[in-house]
Amino acid sequence: MLSVLRLSPMAAALAGIYGVVSAVDQVNSFFNEHIERLKASDNKIIASTGRVLEGAKFGFGLGYAGSIAILAAGQLLLGNTLAAVAVVGGAVAMTNPIAMTCAAVGAVYYGWAALTEHERSAIVDRLAEGLEMGTELIRSLISFAIRTTNELLSSKQLQEFKTFIANQAAQFGKSLYDVTHQMADFVKGTAIKAGDLTGQALTSASSAVKGAARLAGQAAGDTATKVGQLTGKAVESTSSAVKTAASSVSQVAEKTASTAKGTAKAVGRAATLVSKRSGPALPGLPLMSTVEFKDVDGSPEKTP
């Protein structure tokens, strides 16, 4: 039996996953309140779980120790070793306390009968050592939990326990089949995994197609951008060449015009000089004079 002065190692570990410190009065208070919340639920599964734990608490005269023994057995069946408070608490930190309790009672109901006698004895020995409780008392508490659960719930309602079991067992790397050992649960679990893998494959394929399309779009966009840039550069180069040619033509025209102007000025100056040389004579001075010479014989000769 659990000591009234302290918690046994396994009881302390179990209290730890519910977030309760290892003090007897606090653990007792927590489980009293927890059982009342379970019983008050509108969900038949949850309410019946509360009634099972309440019966173990008062029916055996053990207080919260009876409830803890059933919950500890369920945790072991789910895959929780209850070895250390820190490790266990971290593994189920996000778990709902009500869901944990329903999963543990459901694991006892479905999992205990699935074990061999040798396996059941091994679990009972672990519980007896960890909870500091007699083996026959533990067996009696487990049998009470199974019998009372079966009396309170219909076969359809009992099936709903499996949802709680599957969710909690998954946290410890186990499947529903690992707990129940029922072939129907194995087939169902396999189908679910196959569906998950198919969904993951389709998602991966879809992502790959989307990724390829995105890369193709980016490549096309980059190509168009580069073509546009090259075309723009070509147009800019052509425009620059045209501008350069036009500028050269303009410069040549300007030089030609300047040369023509120079030539015109030179012609003008030459014309002025000619005009000055052949223009009218100054008054009193003939342009041409005639001097009469005579030869020796006396004949006249005009010599300019």
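Trainee: Which residues does Thr149 touch, not counting residues up to four places away in sequence?
Mentor: This is a predicted model: local features need pLDDT of at least 70, side-chain atom pairs count only at pLDDT 80 or more, and totals for chains, interfaces and linings use all residues. Residues are numbered from 1 along each chain as its sequence is written, and side-chain values use heavy atoms, with hydrogens and water left out. Contact means heavy atoms within 4.5 Å. Leaving out residues up to four places away in sequence, Thr149 touches Val52, Val105, Tyr109, Leu158 and Phe161.

Trainee: Is Thr149 buried or exposed?
Mentor: Thr149 sits in helix α8, residues 135-152. Helices (H or I, at least four residues) and strands (E, at least two) are DSSP runs, numbered from the N terminus. Buried means under 20% relative accessible area, exposed over 50%, and partly exposed in between, with a 1.4 Å probe and protein chains only. The relative accessible area of Thr149 is 3%, so the residue is buried.

Trainee: Which residues does Tyr18 touch, not counting residues up to four places away in sequence?
Mentor: Tyr18 is one of the residues with the most contacts inside the largest nonpolar core. Beyond four places away in sequence, its partners are Phe30, Phe31, His34, Leu71, Pro97, Met100 and Thr101.

Trainee: What is the separation of the C-alpha atoms of Gly19 and Phe30?
Mentor: Gly19 lies in the loop between α1 (9-17) and α2 (24-39). Its relative accessibility is 66%, so Gly19 counts as exposed. Gly19 and Phe30 are eleven residues apart along the chain, and their C-alpha atoms are separated by 9.8 Å.

Trainee: Is α3 parallel or oblique to α4?
Mentor: Axes are lines fitted to C-alpha atoms, for helices over the stretch in contact, and angles run from 0 to 180 degrees between N-to-C directions. The axes of α3 (residues 44-59) and α4 (residues 64-78) come within 6 Å and cross at roughly 130°. Angles under 35 degrees count as roughly parallel, over 145 as roughly antiparallel, 65 to 115 as roughly perpendicular and the rest as oblique. That makes the placing of α3 against α4 oblique.

Trainee: How do the residues of the contact of α3 with α4 divide, and into which classes?
Mentor: Leu53, Ala56 and Lys57 in α3 meet Tyr64, Gly66, Ser67, Ile70 and Leu71 in α4. Ala, Val, Leu, Ile, Met, Phe, Trp, Tyr, Cys and Pro count as nonpolar, Asp, Glu, Lys and Arg as charged, and the others, Gly among them, as polar. The contact divides into five nonpolar, two polar and one charged.

Trainee: What is phi of Glu132?
Mentor: Glu132 lies in the loop between α7 (117-131) and α8. With a relative accessible area of 32%, Glu132 is partly exposed. Its phi is positive, in a residue other than glycine, and lies near 55°.

Trainee: What is phi of His181?
Mentor: His181 is in the loop between α10 (176-180) and α11 (183-278). It is partly exposed, with a relative accessible area of 40%. Although His181 is not a glycine, its phi is positive, at about 60°.

Key:
A nonpolar core is a set of buried Ala, Val, Leu, Ile, Met, Phe, Trp, Tyr and Cys residues joined through side-chain atoms within 4.5 Å.
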